[in-house]
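Here is a short report on one protein chain.

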Amino acid sequence: MSPIHLVLIGPPGVGKGTQAALLEERLGTRTLSSGVIFRQEIEAETDLGRLANSYIKRGELVPNGITIEMMAKRLRSDEVRRRGFVLDGFPRTLRQADALQELLAEMELHLDRVVSLEVDLEVVVARLAGRLGCTKCGEIYHAANKPPGREGLCDKCDTPLLMREDDRPETVRERLRVFKENTQPVVEFYEARGLLRRIDANQTPEAVYASITEGIV
Ligand SMILES: [Zn+2]
């Protein structure tokens with residue numbers, strides 16, 4: 001079986017990590033997550049890591065050039081050549097998508113598929129709206145799926161439970177709107193090249209996996 005080359009696009013919490021882990025386990029595909037790679041470079045205190053961190057600390061996006069260089073370093077490895085890759089969090093801009101096309105051409109590789117994991121906004125809002133977090137120990141509960149033993153109190157430490165700021169419907173709607181707006185150009189870039197497959201991420205992980213890999217493995 002020849003290695004596969006995929007890009008996964010989707011908002012936080014959509015199950016990208018689950019799919020990347022399944023692909024890694026079943027097909028041996030190497031996951032390259034831009035977030036993880038940034039952290040590794042920062043921890044290793046490389047020049048690129050220090051540079052990236054100077055932006056992250058200020059709450060700014062890491063510039064295209066730095067991001068592309070970090071990803072290119074990983075993509076050019078023998079391991080990726082052998083195992084193929086799943087990209088998560090990259091490319092995030094048109095310039096990054098262009099750079100990836102150039103790099104792959106230089107490596108004589110091509111993308112098999114770009115997957116956009118799509119969620120129904122109101123389903124996400126409803127799921128997160130039931131979540132309650134302990135302000136002391138961080139334990140997460142859910143009104144429907146994992147209610148605490150006593151209403152409104154943490155089972156572990158008796159602290160009152162609160163809805164987290166991140167889970168509020170208006171915060172969730174805004175986060176997903178921003179995500180969609182930012183990734184739209186990249187999604188269209190791949191759609192125009194016939195590489196895009198939109199997948200309903202509200203299905204079971206197995207059904208999503210089957211759709212991601214259908215016809216390419
Ligand atoms: Zn607690």
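Two residues are in contact if their C-beta atoms, placed from the backbone, lie within 7 Å. By that rule, Leu-8 touches Lys-16, Gln-19, Ala-20, Val-86, Leu-87, Asp-88, Val-115 and Leu-117, leaving aside residues up to four places away in sequence. The model is predicted.

**Core.** Leu-8 also belongs to the largest nonpolar core, which has 32 residues. Leu-8, Val-86, Leu-87 and Val-115 have the most contacts inside that core. Strand E1, residues 4-9, gives the most to this core: 5 residues.

**Overall fold.** The protein chain has 217 residues, and buried residues make up 24% of them. Its secondary structure comes to 9 helices and 8 strands. The C-alpha trace spans about 60 × 40 × 30 Å along its principal axes. Take the contacts between residues at least 6 apart in sequence: 69% of these join residues at least 24 apart.

**Helix pair.** How do H1 and H9 meet, and at which residues? Their axes come within 10 Å and cross at roughly 65°. The crossing of H1 past H9 is right-handed. The table sets out the residues on each side.

| Helix | Range | Residues in the contact |
|---|---|---|
| H1 | residues 16-27 | Thr-18, Gln-19, Leu-22 |
| H9 | residues 205-213 | Pro-205, Val-208, Tyr-209, Ile-212 |

By type, the residues of this contact divide into 5 nonpolar and 2 polar, with no charged residue. Gln-19 of H1 meets H9, and Gln-19 is also among the residues that Leu-8 touches.

How values were computed: Residues are numbered from 1 along each chain as its sequence is written. This is a predicted model: local features need pLDDT of at least 70, side-chain atom pairs count only at pLDDT 80 or more; totals for chains, interfaces and linings use all residues. A nonpolar core is a set of buried Ala, Val, Leu, Ile, Met, Phe, Trp, Tyr and Cys residues joined through C-beta atoms within 7 Å. A residue is buried if 20 or more other C-beta atoms lie within 10 Å of its own, exposed if 12 or fewer, and partly exposed in between; C-beta atoms are placed from the backbone. Helices (H or I, at least four residues) and strands (E, at least two) are DSSP runs, numbered from the N terminus. Axes are lines fitted to C-alpha atoms, for helices over the stretch in contact, and angles run from 0 to 180 degrees between N-to-C directions. A crossing is left-handed if the near helix is turned anticlockwise from the far one by less than a right angle, and right-handed if clockwise. Ala, Val, Leu, Ile, Met, Phe, Trp, Tyr, Cys and Pro count as nonpolar, Asp, Glu, Lys and Arg as charged, and the others, Gly among them, as polar.
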